[in-house]
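Hi everyone, thanks for coming. Have a look at the model on the screen, and then let's talk about helix packing.

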Amino acid sequence: MSSQETTSKSVVAAQAATGQGPAAPMDSMLDHGAFMWERNKRRLLILLLLIAFAVVLFGVRGIIEGLVGLVASAPSMLVLLLFYAFAMIAQFGVLMWFLSRPRTYTVTPDSPQIGLSFDNYRGQPDLLEHAKSTVRILQGIHKFRAMGGEPPKGMLLAGAPGTGKSFLAGIIAAEADLPFIYVDASSMTSMWFGMDALIVMSLFGKARKLGRKYAKPGHPGACILFIDELDSIGRSRGGVMGGQQQGGMGPMGMMGMSGFALNTMLNQMDSLGQHIEDRRWQKFLRWLGVVRGPVPPKPVVFVIGATNRPDVLDIALTRPGRLDRKLNVYVPDGEGRRDIIDLYLAQKAHDPNINIDLMVQDSVGWTPVDIKTNINEALIVAHDNGRDRLNYRDWLTARDMRQLGLKQPITKMTPDDKRAIAYHEAGHAVVAHYVRTDHRILKASIIRMGDALGVVQRSDREERYTRRAHEIEADIMIALGSRAVEEEFLQTKMTGADSDMQTATYLAMSYCGQHGMGPSLLAVPSQNALGGVPEPLMRIADKMLDMLYVETRALVREKAHAVHAVANALLEKGELIGEELDEIFAMVNEAHPEMATKFERKPLELPKPFEEGSWRKSETIPLPESVPAAATEGPATPKPGATSPWGHWPIE
């Protein structure tokens, strides 16, 4: 006999001797019966005392007559009670329910309504893999728990509007083959004080009930609860961004705003309530002592929250143990956009020779919804023009309609104004062509669209996630191109360049003060708390604009033939797409080979902001030697030779 068997037998013998060994079935029943008697004997004693007191007070005959009378009058009493109950419910309950009912949609495995699958999701394969991992865990809850794992409680989908958060949640629900409840978070708030908490408890109770109903044998079950626009109830409870409000008594009863929905949801997702029975009939059996022991595992209520503002959510909601997984749904990259464009173009009648490469470049930064909507709008444009399929020009027209507005040509415009606008836009187009070779010019137009009399649209040829200093300098030159052409060719300045000047100023101040790309490595906000701008920053930005403007004027002088060619083409056609502009530049280079050379920029050298003798400090105004002498002096006047807005300031 092995030592292990000897030890096992000795343990069993010791347990039998002390009465701690495994109990027989009869002993277990007796033990449970004794437990129920000990638990309920006080209640039974109170019940017997009440019966004895009634017998002594009324007698057996009186009690029997009373019971008979109660039974005889029960129908009329029941009708009366139902009437009063209905009246109370109709007066308050129905009103509260009607005003507080959440907008929910429930889909169950035996009644599938979401006709989606993983094949329908395009554009972000990495995100799809995370979704598949979540589905595998939810489908194998029992196996995952047997491995010692704790299933996640939730997932947060964060991203810009239109990136496909709700669409991804629907795919997860359809693929998981689990009960799915959709609820709009804004409908979980209520004008009635405390109703939002009841709504949350009701939703989680419904989710657990569905999870048990559709659970596989031996499995606890699971249900997906998707809460759209989670920030409606999940805002931080403290600080400036605190979104939780308490209410009070109103003229029609207890009224209030949201204040309990978040707290209740936090409790439902992760608290000691996970280990306590929530079913009423099980609670009653435990109250009687019929059921004992730990509560079996509850169904998993997997919460998927979607929001555009993850930064305002309460930290208790996004901590581990609640919304365990956070998936950032970004806009698709180039390959993702190509996949999405192929998907939606296949559903529309389109020109088989349409240039998908250009469509992919045109849609940098677009969401899947943007692409889908623009393709549909392009088909509308083709239909309005009497054609049965869309082409690339329809795609561009639809994009302009959505981004800039409808085309509304000005029927009566003086030739001088039209010529000025054409040269204005030609300045942008020519400078962009020669200094931002990594960009494509999508369109140049002098037809009014929205608030713009003319426009030059350009885009990156591929995704860019960082910006270099020379690129920002080139963008400033493009913004200044309109003013440079006005002064070089029209010998005037026009008000149409005001937005261009603001763009150039913003870029220059960001370049010097925010990104630390200027002469100083200091990176400070462009505005202080009082809304002012630091003077050294303004002086550097002003110097930078002056230097880049000189280069821009030199460029438009050097490429004068291109400026005239683009302006004349705009006057003739009113609108030029990228391919037409490329043809114009190619013809100009062929006619004037000297213009085909690359424009060489000069290095940008800016002075340091705090060098001695260069900048005015806040204490640079000298105090007078004596008050009488200062009083006799005349008022200060600007220096006569000032050539810039800052030239009249005193300098050390």
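Does α15 pass α16 in a left-handed or a right-handed crossing? It is right-handed, a label used when the near helix is turned clockwise from the far one by less than a right angle, with anticlockwise giving left-handed. Helices here are DSSP runs of H or I, at least four residues, numbered from the N terminus.

A quick word on provenance: this is a predicted model, where local features need pLDDT of at least 70 and side-chain atom pairs count only at pLDDT 80 or more, while totals for chains, interfaces and linings use all residues. Residues are numbered from 1 along each chain as its sequence is written, and side-chain values use heavy atoms, with hydrogens and water left out.

So, α15 covers residues 415-435 and α16 covers residues 469-490; their axes come within 8 Å and cross at roughly 140°. Axes are lines fitted to C-alpha atoms over the stretch in contact, with angles from 0 to 180 degrees between N-to-C directions. That makes the pair oblique, the class left over once angles under 35 degrees (roughly parallel), over 145 (roughly antiparallel) and 65 to 115 (roughly perpendicular) are taken out.

Contact means heavy atoms within 4.5 Å. On α15 the contact residues include Tyr 423 and Gly 427, and on α16 they include Met 477 and Phe 489.

Now the other neighbour: α16 and α18, residues 535-558, have axes that come within 8 Å and cross at roughly 60°. α16 is oblique to α18, and passes α18 in a right-handed crossing.

Technical notes: Helices (H or I, at least four residues) and strands (E, at least two) are DSSP runs, numbered from the N terminus.
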